Amino acid sequence: MVATIEKLQDHYLVILKGELDTAAAIEVEETLKPLYESSGFDVVIDCTELEYIASSGLRILISILKSAKANGSKVILRHVNDDIMNVFKLTGFVNLFEFE
């Protein structure tokens with residue numbers, strides 16, 4: 001699993017590649033920690049190369065969403081494949097995030 005963050009002019013761009021499973025979650029959470037203080041910046045998460053997400057990965061995304069909303073920002077998930085979108089639908093999280 002590879003997670004990267006790029007700070008652009010008006011938002012953060014996060015790129016997730018691989019499987020965000022329980023084993024990868026600890027490292028990914030550490031990498032994405034700066035997003036918990038993303039005051040004033042929206043967070044765009046590119047899921048083009050995200051192949052799988054476990055409940056621990058969903059927890060990380062929810063934590064980022066809560067922090068962003070508390071700071072007046074939003075989280076947008078981009079290019080989510082059908083399998084991962086089904087996970088969001090089954091958990092009800094599809095109603096919490098914006099998708100592009």
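Buried means under 20% relative accessible area, exposed over 50%, and partly exposed in between, with a 1.4 Å probe and protein chains only. Phe88 falls in the buried class because its relative accessible area is 1%. This is a predicted model, where local features need pLDDT of at least 70, side-chain atom pairs count only at pLDDT 80 or more, and totals for chains, interfaces and linings use all residues. Residues are numbered from 1 along each chain as its sequence is written, and side-chain values use heavy atoms, leaving out hydrogens and water.

**Stop 1: the sheet**

Show the strands. Helices (H or I, at least four residues) and strands (E, at least two) are DSSP runs, numbered from the N terminus. Two strands pair if DSSP finds at least two bridges between them. Five strands make an open sheet in the order β1-β2-β3-β4-β5, with mixed pairing. Select 2-7 and 98-99: these are the edge strands β1 and β5, and each pairs on one side only.

β1 and β2 pair in the antiparallel sense over six bridges. Pick Ala3, then look across to Leu16 in β2, which stands opposite.

**Stop 2: the helices**

Select 22-32. This is helix α1, lying across β1 and β2 and running at about 10° to β1. Axes are lines fitted to C-alpha atoms, for helices over the stretch in contact, and angles run from 0 to 180 degrees between N-to-C directions. Contact means heavy atoms within 4.5 Å.

Next, select 82-91. Helix α3 lies across β3 (42-53), β4 (75-78) and β5, at about 110° to β3.

**Stop 3**

Rings of Phe, Tyr and Trp (its six-membered ring) pair if their centres lie within 6.5 Å; planes under 30 degrees apart count as stacked, over 60 as edge-to-face and the rest as tilted. By this rule there are three aromatic pairs. Phe88 and Phe97 are edge-to-face because their planes stand at 85°, with ring centres 5.6 Å apart. Both Phe88 and Phe97 are buried.

How do Phe88 and Phe99 pair, and what is the angle between the planes? They are edge-to-face, 5.6 Å centre to centre, at 80°. Phe88 lies in helix α3 and Phe99 in strand β5, so this pair ties together parts eleven residues apart in sequence. Phe99 is partly exposed, at 27% relative accessible area.

**Stop 4: Thr22**

Finish at Thr22, in helix α1. Is Thr22 buried or exposed? Thr22 counts as exposed, at 56% relative accessibility. Not counting residues up to four places away in sequence, Thr22 touches Ala54 and Ser56. Select Gly57 too: the C-alpha atoms of Thr22 and Gly57 are separated by 7.2 Å, and the two residues are 35 apart along the chain.
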